[in-house]
Each structure stands twice: as structure tokens, then as C-alpha cells.
Amino acid sequence: MSEEKNLKPISEPLITSIYTADPSAHVFEGKIYIYPSHDIDAGLPEDDFGGHFGMEDYHVLSMDSPTDGKVTDHGVALHVKDVPWAERQMWAPDAAYKNGTYYFYFPAKCKDGAFRIGVATSKNPAGPFKAQPEAIKGSFSIDPCTFIDDDGKAYMYFGGIWGGQLQRWQTGKFIENVKTQRDHEPADDQPALCAKVARMTDDLLEFDEKPRDVVILDENGKPLLAGDYDRRFFEAAWMFKRNGKYYFTYSTGDTHYIRYAIGDNPYGPFKHTGAILNPVIGWTSHHSVVEFKGKWYLYYHDSTLSGGQTHLRCVKVTEIQFRPDGTIETVNAYK
Ligand code: FUB
């Protein structure tokens, strides 16, 4: 990312008192609430499996407006010690609202070394949240995104490859012993691993069906291949709907793009359309897209606040523009 380092960021960190990442933004009670990861230096060595991302808790942030620069940090909303099933690594979360309750979704590693996804609830969008005693049954991997469609049906999109372990669940059972994070990844000429989607139960606490593949098609209508590193799904699923179209958005991980693919229903398939965000300073890229008062905003992170350290990131926001055909103008985070 040396080129980006010589340029000026288009946005400043929303908050500098703590490191934050993976911002999931929602409009609740007329404000923007942001549900980020809370990055810390846990003193863990960088390894092949993302062990250096040793996060222990979550803070919720809020803003009256995405552009006024005033951010409230509501403090600790959930700590790993208060989650009976989780042991470590509180990674990228999301939130949803239904019938007077706020739902907070988060991945964490269990004692067996597998990531699972949990849910915690509160009457307040800023928490504190009380965790359910068990992880969501049938959940695995990382990066939950919960999307509630106009008909009230809710869906969870999730998954991440390499350190996110998606490749270790292809048989439906967790493969425990691997030598590298890429063991069990498909060959380059095979279809890429897909994010997963499952409809949620009415109470938003469990999956209501077995998770299905989120298939992303190329320009010829063929599923993207595992070797299509610039476009294939890696992690950071985020779904939004605009003008009746479903936008499945995600990070390409090791090639550092945030991309989008458009479909006609929540399950897809989705046709790869383009990039929302070009690579940022830092290794990971993770985002959300939200509409506020008729404008659309991209919440994202980079590692500028820590001078480029992979695991110490800061969340930012910028407005995005849609063209008349529904495509998105790609954001360069530095100019
Ligand atoms: O924050 C830890 C992990 O890094 C997230 O779960 C991924 O999406 C990546 O941003």
C-alpha cells in the first residue's frame, strides 16, 4: 500500500480514543448507530490464522448525522467474559431491530478453536447486550450481517475464508487440524467458496433453514472461480436493498477490494458488478452501506491511525454515489 501512504485520506477516523474496525452502520431511532470491532494490541504474535486479532469486547458508536464529525462512544456493550460459549477473538459484528428489541450478532472462537456466531439482546441500541447462553445452532465462520427485507423476513449472511475458517466446513463438520490457513481451499480453476445465507426465525435468534451458498456470477453467468482473487468472496458480507435490487457486498481479502454483486432476491445468484472501495492502508477491508436522509454512505476502515498496523484500525465514513443504472462510483480512500 506504499502508493496510498503518499496520498491524503479523504476521511478522518471517526474516533481516535480506541482502535475500531469492521463498521456495521444502521439507522435506529433517527440516528446512525455503528457496531464496530474494538481492536486492541493483545500482545499475540501475527500468525497465519489471524491470531493477532485478539479482540475481547465491543463498543457501540453513534452519530446524529454521518457528516457532522461528532461521535458518541457508548462504552463496553458486550465483553467476551459475559458470553458463556465464547473463548476469544470477538470479530466483526452486526445488529438488527425488531419489535422493541435490538439484536447484536458477533463471531467468536469457542474452546474447540472453531468460530461460531452468537446473538445478544438489549432494549437500547447502544446496549449493554445480554448474550444468549449458546451460539446460534448450525452457525460457523465469521462476519455476520443481518438483513431484514421489506416483507419482514430476516436473513443472515456470513462467512470468511482463511482465518475465517469457511474452507474448513465444506463437509458440514469442522476440520480441526490444518497446517496452513489455505488447507482445503479449492484449486484456482474450481468455483470459489461462497458466503452463506440463512433465513432467520421470527425471533431473530436462530437459523430457520440450513445455510445456502451466496453464488456470485461473472459476466458470462458462471460462478466466480477460486483463482479470481480480485473478485471472489473472502469475508465482510454486507447486504442492502435499493430500488428493488439486492446488493451483496464483500471484501476480496488478500486483494483488498470491497466489491458488489447485484441480484433480484435475497438468495441470489448475484452478478458481480464492480468495486465500491479500492484498497486501503492496512491488510483488511471491511465496510457497510447505509442510507440516511436520502443519501448513501460507506462506512469503512483503514490502518492510518496506527501507522499501518494490520490489527489496529480506525473506522471512517464517506458518501457514495449511484449512477442512474444503479452502479456505484468506486471510492478511492486517498487523493
Ligand atoms: O476484525 C477481524 C476480522 O478482520 C474481521 O472479522 C474481518 O472481516 C476482517 O476485517
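I began with strands S10 and S11, which pair in the antiparallel sense over four bridges; two strands count as paired if DSSP finds at least two bridges between them, and strands are DSSP runs of E with at least two residues, numbered from the N terminus. The model is a predicted one, in which local features need pLDDT of at least 70 and side-chain atom pairs count only at pLDDT 80 or more, while totals for chains, interfaces and linings use all residues. I kept the numbering from 1 along each chain as its sequence is written, and side-chain values rest on heavy atoms, with hydrogens and water left out.

Entry on S11. I looked up the partner of Phe158 and found that its bridge partner in S11 is Lys196. On to strand S12 (residues 212-214), I noted that three bridges join it to S11 and that the two run antiparallel, with Val197 standing opposite Arg212. Four of the five residues of S11 (residues 195-199) are buried, so this strand is largely enclosed by the rest of the structure; buried means under 20% relative accessible area, exposed over 50% and partly exposed in between, with a 1.4 Å probe and protein chains only.

Entry on the cores. I then listed the nonpolar cores, each a set of buried Ala, Val, Leu, Ile, Met, Phe, Trp, Tyr and Cys residues joined through side-chain atoms within 4.5 Å. The largest has 61 residues, and those with the most contacts inside it are Tyr105, Tyr157 and Phe248. Strand S10 (residues 154-158) gives the most to this core, with five residues. For Tyr157, leaving aside neighbours within four places in sequence, I found contacts (heavy atoms within 4.5 Å) that include Asp143, Phe147, Lys196, Val197, Val214 and Phe248. Apart from this core lies another, of 28 residues, among them Tyr35, Met55, Val80 and Phe104.

Entry on the ligand. Which residues are around the ligand? With a heavy atom within 4 Å as the criterion, I noted Asp22, Ser37, Met55, Trp91, Ala92, Ile142, Asp143, Glu235, Thr284, His286, His301 and Arg313. For polar contacts I took pairs of N or O atoms within 3.5 Å, where within protein one must be able to donate a hydrogen and the other to accept it, and residues adjacent in sequence count only if both atoms are side-chain atoms. An N or O atom in the side chain of Asp22 is 2.5 Å from an oxygen atom of the ligand, and for the side chain of Arg313 the corresponding distance is 2.7 Å. At Ala92 a backbone N or O atom lies 3.4 Å from a ligand oxygen.

Entry on S18 to S20. I traced an open sheet of three strands in the order S18-S19-S20, with antiparallel pairing. Strands S18 (287-292) and S20 (314-320) stand at the edges with a single partner strand each, so one side of each is left without a neighbour in the sheet. Six bridges join S18 to strand S19 (residues 295-302), and Val289 stands opposite Leu298.

Where does Ser288 lie? I placed Ser288 in strand S18, and at 0% relative accessibility Ser288 counts as buried. The side chain of Ser288 reaches the backbone nitrogen of Ala25 at 3.0 Å, and the residues in contact with Ser288, beyond neighbours within four places in sequence, include Pro23, Ser24, Trp238 and Tyr297.
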